[in-house]
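This briefing covers one protein chain and is arranged by topic. Please view the sequence and the structure below before reading on.

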Amino acid sequence: MKRVGAICILIFATLTSFNEQNCLSVRFKNSTDKEFTNLKVWTASGEIVLKNLKQGEVSSAYHVPWSYKFTYAVADTKDGAFITPGYCRTGEKRYENGEILMEFTITPESYKHYPREKPYLFIKATIKEALAGKENQTR
């Protein structure tokens with residue numbers, strides 16, 4: 001019985017470590033002057049919903065199979081909803097391993113360009129790719 005338990009633990013550990021190496025870790029940072037009461041982010045694995053992401057706060061890591069450095073997101077605040085603009089992904093690099101920090105901002109320029117609408121929520125991505133046999137590299 002002990003042998004079966006040890007084999008199950010070994011198989012589980014092997015599968016878990018394999019899964020960790022072949023996925024992308026994504027975190028989200030609120031770099032706006034707003035408190036996000038609700039943040040919905042669409043990923044390859046589906047929708048991620050974060051509650052009460054305060055100014056300057058970074059979320060826990062979420063593991064997804066892949067992502068671009070931009071995504072569609074909606075941040076609900078007491079001042080209303082802020083939405084990321086549509087991004088053209090033609091030729092955009094698809095990341096499948098490593099880490100991405102998606103930092104949400106609302107730039108002063110977006111207030112100037114969209115005076116009759118709410119300004120857009122922008123994403124600044126910091127990427128650390130896991131490269132086989134090499135040290136991680138920031139892009």
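Threonine 71 is buried, with 8% relative accessible area (buried means under 20%, exposed over 50%, partly exposed in between, with a 1.4 Å probe and protein chains only). The model is predicted: local features need pLDDT of at least 70, side-chain atom pairs count only at pLDDT 80 or more, and totals for chains, interfaces and linings use all residues. Residues are numbered from 1 along each chain as its sequence is written, and side-chain values use heavy atoms, with hydrogens and water left out.

**Surroundings of threonine 71**

- Threonine 71 belongs to the loop between β4 (62-64) and β5; strands are DSSP runs of E, at least two residues in length, numbered from the N terminus.
- A polar atom of the threonine 71 side chain lies 2.3 Å from the backbone oxygen of tryptophan 42.
- Threonine 43 is 28 residues from threonine 71 along the chain, and their C-alpha atoms are separated by 7.1 Å.

**The sheet**

- Four strands form an open antiparallel sheet in the order β3-β2-β5-β6; two strands pair if DSSP finds at least two bridges between them.
- β3 (46-53) and β6 (80-83) each have a single partner strand, so one side of each edge strand has no neighbour in the sheet.
- Strands β2 (residues 36-43) and β5 (residues 73-77) run antiparallel and are joined by 4 bridges.
- Asparagine 38 has aspartate 76, in β5, as its bridge partner.

**Salt bridges**

- The structure contains 3 salt bridges, each defined as a side-chain nitrogen of Lys or Arg within 4 Å of a carboxyl oxygen of Asp or Glu.
- Aspartate 79 and lysine 34 form one of them, at 3.0 Å from N to O.
- Aspartate 79 lies in the loop between β5 and β6 and lysine 34 in the loop between β1 and β2, so this pair ties together parts 45 residues apart in sequence.
- Lysine 34 is buried at 14% relative accessible area, whereas aspartate 79 is partly exposed at 40%.
- Lysine 93 and glutamate 129 also meet in a salt bridge, at 3.0 Å from N to O.
- This pair links the loop between β6 and β7 (98-105), which holds lysine 93, to strand β8 (residues 122-129), which holds glutamate 129; the two residues are 36 residues apart.
- Glutamate 129 is buried at 9% relative accessibility, while lysine 93 is partly exposed at 33%.
- Glutamate 96 and arginine 94 are joined by a salt bridge of 3.3 Å, N to O.
- Both residues count as partly exposed, glutamate 96 at 43% and arginine 94 at 40%.

Key. Polar contact = N/O pair within 3.5 Å; in protein donor to acceptor, adjacent residues only side chain to side chain.
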